[in-house]
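Reader: I've got a few questions about how the labels on this one were assigned. Can we go through them together?

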Amino acid sequence: MTVPAGEYDRLLLCPLPDYEPDEPGAPPTRWSSLRPASRPQLTLVPPPPEPGQPPVPPAALVRVLRHVLEVLDGRRPIGQLHSLLPDVAFESLLTRLRSVRPGTQHRLHTVRAYYPVPTAVEVCAVIEVRTPERERMIAAAARFEDDGDHWVCTVLRLL
């Protein structure tokens with residue numbers, strides 16, 4: 001809000017006693033969220049990758065995403081993904097497959113990875129969807145966990 005020059009005389013600011021923080025030096029009595037934090041707050045900066053850890057998802061993880069897109073395109077039977085995906089993701093893919101129009105093409109556009117812990121990778125991807133009528137972008141999110149022998153997909157969502 002902009003106040004024109006000369007209008008400041010008509011403005012009156014009043015304190016809101018129920019919402020004002022306590023006076024400096026006084027013990028806090030209300031609105032504890034206005035006090036300074038006594039411990040570290042949530043940090044949204046991802047930790048640096050471990051030495052030798054790839055900054056991009058391993059090729060096997062990207063391959064699983066491409067297999068999903070090949071199923072949606074009709075170029076791969078969905079049964080081949082049953083052992084690669086958790087049951088919930090497989091059922092979700094079956095449901096989505098029923099609504100895909102013939103002639104739809106899916107192409108992996110960009111892939112980003114984040115390693116919250118050394119044994120897990122969270123992948124987000126942008127997927128280009130082309131139909132005869134239009135082009136659009138959708139998102140995918142997946143989580144893969146290392147069980148020692150290989151990476152296992154634990155979550156897959158197409159948004």
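Predicted model: local features only at pLDDT ≥ 70, side-chain atom pairs only at ≥ 80, totals over all residues.

Reader: What share of the contacts in the protein between residues at least 6 apart in sequence join residues at least 24 apart?

Author: That share is 41%, with contact meaning heavy atoms within 4.5 Å.

Reader: Why is C153 called buried?

Author: Buried means under 20% relative accessible area, exposed over 50%, and partly exposed in between (1.4 Å probe, protein chains only). C153 has 5% relative accessibility, so C153 counts as buried. C124 has 41%, so C124 is partly exposed.

Reader: How many disulfides are there?

Author: The count is 0 disulfides, where a disulfide is a pair of cysteine sulfur atoms within 2.5 Å.

Reader: What makes β1 and β4 edge strands?

Author: Strands are DSSP runs of E, at least two residues, and helices runs of H or I, at least four, numbered from the N terminus. Two strands pair if DSSP finds at least two bridges between them. The open sheet has the order β1-β2-β3-β4, with antiparallel pairing. β1 (105–117) and β4 (151–158) each pair on one side only, so they're the edge strands.

Reader: How do you know that β1 pairs with β2?

Author: 10 bridges join β1 to β2 (residues 120–130), and at least two are needed, so they pair. Across that antiparallel pair, R107 stands opposite E128 in β2.

Terms used
Residues numbered from 1 in each chain as written. Heavy atoms only, no water.
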